[in-house]
Every structure is written in structure tokens, then in C-alpha cells.
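Hello,

Here is the structure we spoke about. Please open it and keep it beside you while you read my notes.

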Amino acid sequence: MRSGAQGTIFTSVDRPNTFAMPELTGTAGTSVQTVHNGPGPRSALIIGHPGHELRVLGWLRAAKPLVAVLTDGSGADGAPRIEQTTQLLDGALAARSAIFGIATDRELYHAILEQDLDYFVALAGRLSDELCEHRIEYVAGDSIEGYNPTHDVCSLMIGRAVRLASIRMGVEIRHRAFPLVGAPRPPSDTAGAECVRLTPDELARKLADIRTYAGSAGGALVTEVDELLHRFGDEAFAEEVFERVELAGALAAFERDKPFYETHGERQVAAGKYRFVIRYREHVEPIARALAGECMT
Ligand SMILES: [Zn+2]
């Protein structure tokens with residue numbers, strides 16, 4: 001039934017590895033803490049799975065965002081890792097949203113397969129309420145990469161929540177996304193992205209946190225982290241890049257080519273490992289349309 005790959009926080013899929021940037025924040029050697037001193041924007045981090053926060057730990061420690069996590073990270077094997085994220089956030093003094101590991105991965109996949117559009121619209125509404133309650137000005141979260149449907153649906157829900165909350169508060173909340181697949185650096189043609197660059201001390205702390213988290217979660221995560229650090233090098237994780245989000249443009253790619261989760265799901269069904277394939281046109285696109293609809297609530 002699972003459609004995405006197992007338990008992925010980091011995955012070494014090829015992406016362009018050049019670096020364009022940054023519009024703001026850190027320059028080489030500038031401490032994140034320095035960058036964020038003073039009245040930074042009130043921020044939120046909204047992610048599909050626990051562990052995604054490891055990609056942006058430098059920013060997280062500095063910005064201390066309100067953190068929402070959709071699933072408990074239990075994946076297909078039923079071993080949640082939300083507790084590891086709880087400990088990390090407590091150490092970073094970041095606040096937890098009421099939406100924090102509220103579903104298992106199986107439940108979320110079920111809602112996608114069953115086309116429970118109301119579930120996703122309601123969840124986006126709850127996220128919007130929290131953005132208003134905390135007067136959030138900046139939201140970072142999952143990217144639409146076609147890798148895992150939960151990531152893509154998370155990004156779509158953020159889009160709706162940000163749109164709703166911006167209307168209600170009469171401000172324009174910024175919506176940014178960071179890559180979850182492949183290198184921490186985005187493609188070179190990314191316009192208007194923002195970059196936080198960690199100092200050597202901050203990078204060392206981040207790498208230690210990543211290894212501790214992976215060690216605690218165990219299993220495939222340890223291998224994934226080792227492979228990723230080996231492939232891209234420690235230094236690649238000194239840069240945390242937040243790209244502008246353009247949902248329609250990101251989805252348009254799947255009109256031409258099937259997303260990875262779909263071709264992966266087909267292979268898994270053929271191998272008898274999954275019962276169903278989550279498909280873009282059949283399952284994710286209708287959710288995108290529902291979330292893009294009028295929001296008068
Ligand atoms: Zn994930």
C-alpha cells in the first residue's frame with residue numbers, strides 16, 4: 001500500500017549540484033544566530049514526516065519556529081520516530097503545533113487513496129488557524145518533488161493554509177520550501193531563494209544531531225545518512241536553502257512525466273509488495289484542486 005520509498009529523510013537522487021543564490025541572510029562564515037538576531041519573522045515549519053527538520057536544523061535553532069508534523073513517521077513497518085523529533089525540538093526550544101504526528105503514514109496514504117478531500121481541506125484549515133493564532137509571517141516546509149505523495153500533499157496544504165491565513169490577517173505570509181531529495185543545494189536556476197549558511201560550529205552540531213537522530217531511529221536511516229554524507233560531503237549541509245513556492249508550476253511537471261512515487265509504486269505492486277499505486281492524476285491532482293479551491297471558512 002505504501003507508495004513512497006521507505007522512511008526517507010535523505011535520499012541520494014541526482015539533482016543539479018550547482019549553487020545559485022542567495023537573496024538574503026547568511027554570507028559565508030556568518031553565524032545563523034547573528035543573522036537571526038533581532039526581530040526576525042515569526043516562523044513556522046510544516047513537514048510531512050518527522051526527520052525532515054534535520055535538513056534545516058541551523059535555521060530551526062535560530063528561528064525557533066512553531067513546528068507542525070503530519071505523520072508519526074511510522075512508515076510501513078509501524079515504528080514511529082516522532083519522539084526523536086520531539087526531543088530535538090525541545091532541545092532547540094522550538095514550539096510544537098497541535099498538529100504533531102497526528103496520523104500514521106498508513107492513515108495518510110489511505111486518505112489519499114480514498115480521496116478523502118475533506119480530510120485534507122480540514123487539516124489545512126487547522127494549520128491556517130494556527131498560523132493566525134501565532135501571527136506567523138514565514139512558513140518553511142516540504143517541497144513538491146514527486147518523490148513521496150505525503151511530501152507533495154503537505155506542500156499543497158501549506159499553500160492553502162498560507163493563503164487562508166494571509167487573507168484573514170491581511171498580510172502576505174511568505175511560503176518557502178527546502179529540498180528533501182538529493183543534495184541540500186537546489187538547482188542553479190532557482191530565483192529568489194534564501195540561504196542560511198552555518199558556521200563551522202553550527203555545522204558540527206547539526207551533523208552530530210543528524211547522526212544521533214539516525215542512530216536513535218535506527219534501521220535504514222543510518223545507512224541513508226551515511227550514504228548521503230559520503231556522497232555530498234559534510235560541507236554541503238552548511239547551507240540551508242529555502243526556495244519560493246510555485247505550486248502550479250511544480251505540479252505541471254507531472255502532467256508530462258509520472259512522478260517517482262508512481263513509477264516506484266508500480267514496481268512495488270508488480271513485485272507483490274504494495275497492493276495499490278498512488279497516482280498523480282487519480283489521487284494527488286484532485287487533492288491539489290480541492291486545496292486550491294475557494295476558502296471562505
Ligand atoms: Zn518524508
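**Helix α8 and its surroundings**

The buried residues of α8 pack against α7 (200-217). Keep in mind that this is a predicted model.

Which residues of α8 are buried? They are L221, E224, V225 and L228. Seen down the axis of α8, these buried residues fall within an arc of 95°, so they line one face of the helix. There is a general reason for such spacing. An α-helix has 3.6 residues a turn, so residues three or four places apart point the same way. On the other side of α8, T223 and H230 are exposed.

Now look at its length. Helix α8 covers residues 220-232, which makes 13 residues. From first C-alpha to last, α8 reaches 18 Å, close to the 18 Å expected at 1.5 Å a residue. G233 follows α8, and the phi of G233 is positive, near 85°.

**Helix α9**

Go on to α9, residues 247-256. Its buried residues are L247, A250, L251 and F254. Down the axis of α9, they fall within an arc of 90°, so they line one face of the helix. The face turned away from that buried side carries the exposed residues A248, G249, A252, E255 and R256. What do the buried residues of α9 pack against? Their partners are α6 (149-169) and α11 (280-292).

**The sheet**

Next, find the strands. Seven of them form an open sheet, in the order β3-β2-β1-β4-β5-β7-β6, with mixed pairing. The edge strands are β3 (95-103) and β6 (194-197), and each pairs on one side only. On average, neighbouring strands of this sheet are turned by 20° against each other, direction ignored.

- β1 and β4 are parallel and share four bridges. L45 stands opposite A140 in β4.
- β4 and β5 are parallel too, over four bridges. Here Y138 stands opposite R174 in β5.
- β5 (residues 174-177) and β7 (residues 239-244) run antiparallel, joined by two bridges. The bridge partner of R176 in β7 is R244.

**Helices across the sheet**

Two helices to find here are α5 and α6. Helix α5 (residues 117-133) lies across β1 (43-47), β2 (66-71), β3 and β4 (138-141). α5 runs at about 175° to β3. Helix α6 lies across β1, β2, β4 and β5, and runs at about 170° to β4.

Zoom in on G125, which sits in helix α5. Is G125 buried, exposed or partly exposed? G125 has 17 C-beta neighbours inside 10 Å, so G125 counts as partly exposed. A residue needs 20 or more to be buried, and 12 or fewer to be exposed. The C-alpha atoms of G125 and L164 are separated by 7.8 Å, although these residues are 39 apart along the chain.

**The core**

Last, the inside. In soluble globular proteins, nonpolar side chains tend to be buried together. The largest nonpolar core here has 74 residues. Which of its members touch the most others? They are I46, L131, V139, M157 and A161. α6 gives the most to this core, with nine residues.

Take I46 as your example. Leaving out residues up to four places away in sequence, I46 touches A68, L127, V139, G141, C154 and I158. Select I46 and check these contacts one by one.

Best wishes

Key
Residues numbered from 1 in each chain as written. Predicted model: local features only at pLDDT ≥ 70, side-chain atom pairs only at ≥ 80, totals over all residues. Arc of directions from axis to C-beta. Contact = placed C-beta atoms within 7 Å. Pairing = 2+ DSSP bridges. Axes fitted to C-alpha atoms, helices over the stretch in contact; angles between N-to-C directions. Core = buried A, V, L, I, M, F, W, Y, C linked by C-beta atoms within 7 Å. Expected span 1.5 Å × (residues − 1).
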